[in-house]
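Reader: I would like to learn how to read helix packing in a model. Could you walk me through one?

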Amino acid sequence: MPQGSPSDQELVERVQKGDKRAFDLLVVKYQYKVCGLLSRYVNDQHEIMDVAQESFIKAYRAIHSFRGESAFYTWLYRIAVNTAKNHLISRSRRPSGNDVELDNDDSFALYEPLADVASPDATLNRNRLEAAIYSVIKTLPEELKSAITLREFDGMSYEDISHVMDCPVGTVRSRIFRAREAIEQHIRPYLDGGE
């Protein structure tokens, strides 16, 4: 690794020894990723920045507890998600299920059958399919919703999801399977061309 680009682990170790500038490098590296993540939970741009700042403050205060058992970003991701959820609870709001655009996400396999169709009828059916997917994701229990979102929209590995959700990999696989099953059952009429 080039001398000018220390690894996350090296930066964490420097922060743990009192080097505050090393944490600044971690913030610069991950601030956009964290804000992108938070935008799925919080709609207002100013609130996103506030929650991101709070997430980094919490990470800085807890950095001595980071032991490198997962990637630094996985650990930070978990802090940011929990901070966003706490923010929403304090505001008596729930995360919106309509803020992830499936058009821009190649990983959501259930959406692919309509990706290349351009007729007005197909566009209408595609919009209905998208609304149906959002609708069913919003109704999933929190643990299924989180698992499917982390896997399909964020592209995280099962191992990283298990760290974020603090559960075994087998549980993650089960939750994702159950979420996909619920989504597939709900959207089957749209994939078959019906309503």
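Author: Gladly. Let us start with a term: angles under 35 degrees count as roughly parallel, over 145 as roughly antiparallel, 65 to 115 as roughly perpendicular and the rest as oblique. Keep in mind that this is a predicted model.

Reader: Before we use that term, how many helices and strands are there in the chain?

Author: The chain has eight helices and zero strands. From the N terminus on, its elements read α-α-α-α-α-α-α-α. Of the 195 residues in the chain, 41% are buried. If you take contacts between residues at least 6 apart in sequence, 63% of them join residues at least 24 apart.

Reader: Now the packing. What describes two packed helices?

Author: Two packed helices are described by the angle between their axes and the distance between the axes. Take H1 and H2: their axes come within 8 Å and cross at roughly 140°. H1 and H2 are therefore oblique to each other.

Reader: Which residues make the contact between H1 and H2?

Author: On the H1 side they are Asp8, Leu11, Val12, Arg14 and Val15, and on the H2 side Ala22, Phe23, Leu25, Leu26, Lys29 and Tyr30. Sorted by class, this contact of H1 with H2 has eight nonpolar, no polar and three charged residues.

Reader: Let us move to H2 and H4. At what angle do the axes of H2 and H4 cross?

Author: The axes of helix H2 (residues 20-38) and helix H4 (residues 72-90) cross at roughly 45° and come within 10 Å. That angle makes H2 oblique to H4. As for handedness, H2 passes H4 in a right-handed crossing. H2 contributes Leu26, Tyr30, Lys33, Val34, Leu37 and Leu38 to the contact, while H4 contributes Phe72, Tyr73, Leu76, Tyr77, Ala80, Val81 and Ala84. By class, the contact of H2 with H4 has twelve nonpolar, no polar and one charged residues.

Reader: Could we zoom in on a residue from each side? What does Tyr73 touch beyond its neighbours within four places in sequence?

Author: Tyr73, a residue of helix H4, is in contact with Tyr30, Lys33, Val34 and Leu37 once those neighbours are left aside. Tyr73 has a relative accessible area of 14%, so Tyr73 is buried. Tyr73 and Lys29 lie 44 residues apart in sequence, and 9.9 Å separates them in space, C-alpha to C-alpha.

Notes: Residues are numbered from 1 along each chain as its sequence is written. This is a predicted model: local features need pLDDT of at least 70, side-chain atom pairs count only at pLDDT 80 or more; totals for chains, interfaces and linings use all residues. Side-chain values use heavy atoms; hydrogens and water are left out. Axes are lines fitted to C-alpha atoms, for helices over the stretch in contact, and angles run from 0 to 180 degrees between N-to-C directions. Helices (H or I, at least four residues) and strands (E, at least two) are DSSP runs, numbered from the N terminus. A crossing is left-handed if the near helix is turned anticlockwise from the far one by less than a right angle, and right-handed if clockwise. Contact means heavy atoms within 4.5 Å. Ala, Val, Leu, Ile, Met, Phe, Trp, Tyr, Cys and Pro count as nonpolar, Asp, Glu, Lys and Arg as charged, and the others, Gly among them, as polar. Buried means under 20% relative accessible area, exposed over 50%, partly exposed in between (1.4 Å probe, protein chains only).
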